[in-house]
Amino acid sequence: MSVKKLFWTVCCFTLASCSLIDDEVYKEGSDYELDYELRLVTNMTTELKTQLSTQTELSLAQSLRTQLSQVFTDFAHDVDLSFYDTVGDSLRLQHDEHIMNANQASYTLNLPKRQYMHLAVANIVNDKIVDLVDDERCHRSKLVQLQGNTRSADDDSPVDNVIDSHTTGIFTARQPMDVLEGVDQQFDVHLYMANCSAVLILDTINSGVKDVKVFSTGFATGFDIADSSYIFIDTPPLVRTNAIPDQETGLMAFCSVTFPSRDIIGTRTVIETTDPFVSPVSDKSLWEFHVYTTARDNTTTLTKLFIRRPLRAGQLMIIRVRALDDGSVIPIDPTVGFLVVLDWSDGGSHEVPL
């Protein structure tokens, strides 16, 4: 547990909010009202209805809703508010932290007359994977994931560099503020979702598969809050999915929550739409699922699925696949590419050449 989250664990039991501000500056300020509201823009309902449309699949759809209920929600447990200087090193001038426990809330803050850049983050305290760092300066403030680690003795992952999924829906906002002296002002701040979810639905009926482990990869590992831009590295970690079996259908859902994937760059296809989740298919893979299936003879097959559609903030994307007798997995969507390694072995700890 990070120092910041340890502080919150203690603080939340004793204070509803706290404000860190220089006493001399505080005396010079005036009270202003700031209204905060979470805006959840998502396709979750549409995606579930489209991908799980039969009567027998409704139970799995409901299980996914339950699994993602803490992610695709406009409810904020906590909110972290920072007000920065707009010149020089963009130092933080005021910092407030509140337990919000609502979709929207109003706070009266004492702010001296000046121009500010205001950054806000919601639902960061209870997320075990993502932390807010370098927030003393505006343009360095970012959300970062834990780094992937090598396997521990109790970790049954078949590979290294693995992390867990995000555990909350994280929201952010950035807003310039010009605080005027002697003028009644009210500021409206809208926070939007910064992470998303990918779900693999696997049909193993008559396949002979006795065990499955699924990981997703290819996503951003951080988020620059002031610039509203995502941070990508050359070797992103594998994200461990949460398995959701459904006895009624024989299907299994594997759910991960992450930052978004890279978007399509340089495409000549232009789609004008009000739907932020409609996109053309990229010429190359943007993110992946890695599926490890174990057969009854204990051989392992690795199938890598290459998804060519971007996964964006607030989006749920479901990829449906079917397992074959040899343990390989084939996608239903013809735009999803795949590569199969039969009788896979990690050879101890090194990466398998493909």
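Is Trp287 buried or exposed? Trp287 is buried, with a relative accessible area of 1% (buried: under 20%; exposed: over 50%; partly exposed: in between; 1.4 Å probe, protein chains only). The model is predicted: local features need pLDDT of at least 70, side-chain atom pairs count only at pLDDT 80 or more, and totals for chains, interfaces and linings use all residues. Residues are numbered from 1 along each chain as its sequence is written, and side-chain values use heavy atoms, without hydrogens and water.

**View 1. Phe83 and Tyr116, an edge-to-face pair.** Rings of Phe, Tyr and Trp (its six-membered ring) pair if their centres lie within 6.5 Å; planes under 30 degrees apart are stacked, over 60 edge-to-face, the rest tilted. The count is eight aromatic pairs. Phe83 sits in strand 3 (residues 76-85) and Tyr116 in strand 6 (residues 114-122), so the pair ties together parts 33 residues apart in sequence. Strands are DSSP runs (E, at least two residues), numbered from the N terminus. Phe83 is buried at 0% relative accessibility. Tyr116 is buried at 2%.

**View 2. Trp287 and Phe289, an edge-to-face pair.** Centre to centre, the rings are 5.3 Å apart, with 70 degrees between the planes. Phe289 is buried, at 0% relative accessibility.

**View 3. A ring cluster of Phe215, Tyr292 and Trp344.** Ring pairs provide the links.

**View 4. Phe338 in strand 23.** The strand covers residues 337-344. Phe338 is partly exposed, at 44% relative accessible area.

Note on methods. Helices (H or I, at least four residues) and strands (E, at least two) are DSSP runs, numbered from the N terminus.
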